[in-house]
Amino acid sequence: MGTFIGHISPGLAFLSFGIFYAFKFSWMVLNGQRTQYQEFKRPPGLRGALRHIPPEGALKVIYGTMAVMAEFFYPPGVNKFYFYDLTDPNFRFQYPNEWQHVTMYGYFAFSGWLDIVSQACLPKRLILLEQAALCMAFYVITLLLKFHMHGKDGVENQIHSLLLLTCLFTSLILTVEVWKPNYRRLWFAKTLLVMVQGTWLFHSAFILYRPPTGVRWDDTNMENLMFLTNFYCWHLAFNAAVLAGIFGLTKILQKFMPRRLKEQRYRGMESKGLYQLGWKGIGKHPEELQKLTSQDVEEVEKTLEEELL
């Protein structure tokens, strides 16, 4: 990670996950879905397994594995896949930064494999296991970032400190979600922090390795460190605006979705409590509980939007 591309690539990875979460959770909220993790039984056979491979898990495996290989063997011809040099009589450890990066990426790849096994291989999804693996990955990043600042200058340490703070808050949100997975405010708070990690890593690559002015940042100038914090705060505002824009775009797409798809969506939800939801939204008496008509569906949808917004 200690290069320009080493900051750009994980930044793009986190940003892509953040945008994925933004669209995913916006769509879920606008469609009245109240459960973040859906339990299901996987159909038997290879086809059932392939249909249930989670895109989030697959992306974590791909990103994590590629990053691990890059740390060890990039640029081509380089081999850093060893702890210490056998020819060194003191057996001092070699490449500590690279091994810390590998540990970070490895935990995310491990989380992705658990997602795939839980959703595509096991007969019943193990939601708690998936949550624990992702939560552990962010705690590991937080811990390693704390001890990732040795021998670095002031600007780089400040950048890593702000990144550590973001990872810590993400870890705390994921911890709360173990007990409160369906609290929607946590969905978007988590999404915002993941997006901030992405844009901050992307920006830090230019600060550390390719400053637009062509002049390296002065570590002894306190104004530089103060503006780093300013930049981070602007990242929070920028990503909050992007998240709000994605929510608005999703709302527009949902509004213009063909009526046939809406009816199919609600028909699929009837067995999961839409009768009761419809009664709460439009019914006056228990005996009025009945199958929702298309007009009722629109009224329930408006009621959900009022509750959420």
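Modeller: Start with helix H5 (residues 127-146) and helix H6 (residues 154-179). This is a predicted model. The axes of H5 and H6 come within 9 Å and cross at roughly 155 degrees.

Biologist: What makes H5 roughly antiparallel to H6?

Modeller: The angle decides. Angles over 145 degrees count as roughly antiparallel. H5 and H6 cross at roughly 155 degrees, so H5 is roughly antiparallel to H6. The crossing of H5 and H6 is also left-handed.

Biologist: Which residues in H5 and H6 meet?

Modeller: From H5, they include Leu134, Phe138 and Ile141. From H6, they include Leu164, Leu168 and Leu172. The residues of this contact divide into 14 nonpolar, six polar and two charged.

Biologist: Now Asp115. Why is Asp115 called buried?

Modeller: Buried means under 20% relative accessible area. Asp115 has 5%, so Asp115 is buried.

Biologist: Where is Asp115, and what does Asp115 touch?

Modeller: Asp115 is in helix H4 (residues 96-121). Not counting residues up to four places away in sequence, Asp115 touches Pro54, Gly57, Lys60 and Glu130.

Biologist: And the chain as a whole? How many helices and strands does the chain have?

Modeller: There are 11 helices and zero strands. Of the 309 residues of the chain, 42% count as buried. The chain exposes about 17,700 Å², and carbon and sulfur atoms supply 66% of that area.

Biologist: What share of the contacts with a separation of 6 or more comes from residues 24 or more positions apart?

Modeller: Those residues account for 72% of such contacts in the chain.

Definitions and conventions
Residues numbered from 1 in each chain as written. Predicted model: local features only at pLDDT ≥ 70, side-chain atom pairs only at ≥ 80, totals over all residues. Heavy atoms only, no water. Helix = DSSP H or I, 4+ residues; strand = E, 2+ residues; numbered from the N terminus. Buried < 20%, exposed > 50% of the residue type's maximum accessible area, 1.4 Å probe, protein only. Contact = heavy atoms within 4.5 Å. Areas by Shrake-Rupley, 256 points an atom, 1.4 Å probe, with all protein chains shown as cover. Axes fitted to C-alpha atoms, helices over the stretch in contact; angles between N-to-C directions. Parallel < 35°, antiparallel > 145°, perpendicular 65-115°, else oblique. Left-handed = near helix turned anticlockwise from the far one by under 90°. Nonpolar A, V, L, I, M, F, W, Y, C, P; charged D, E, K, R; others polar.
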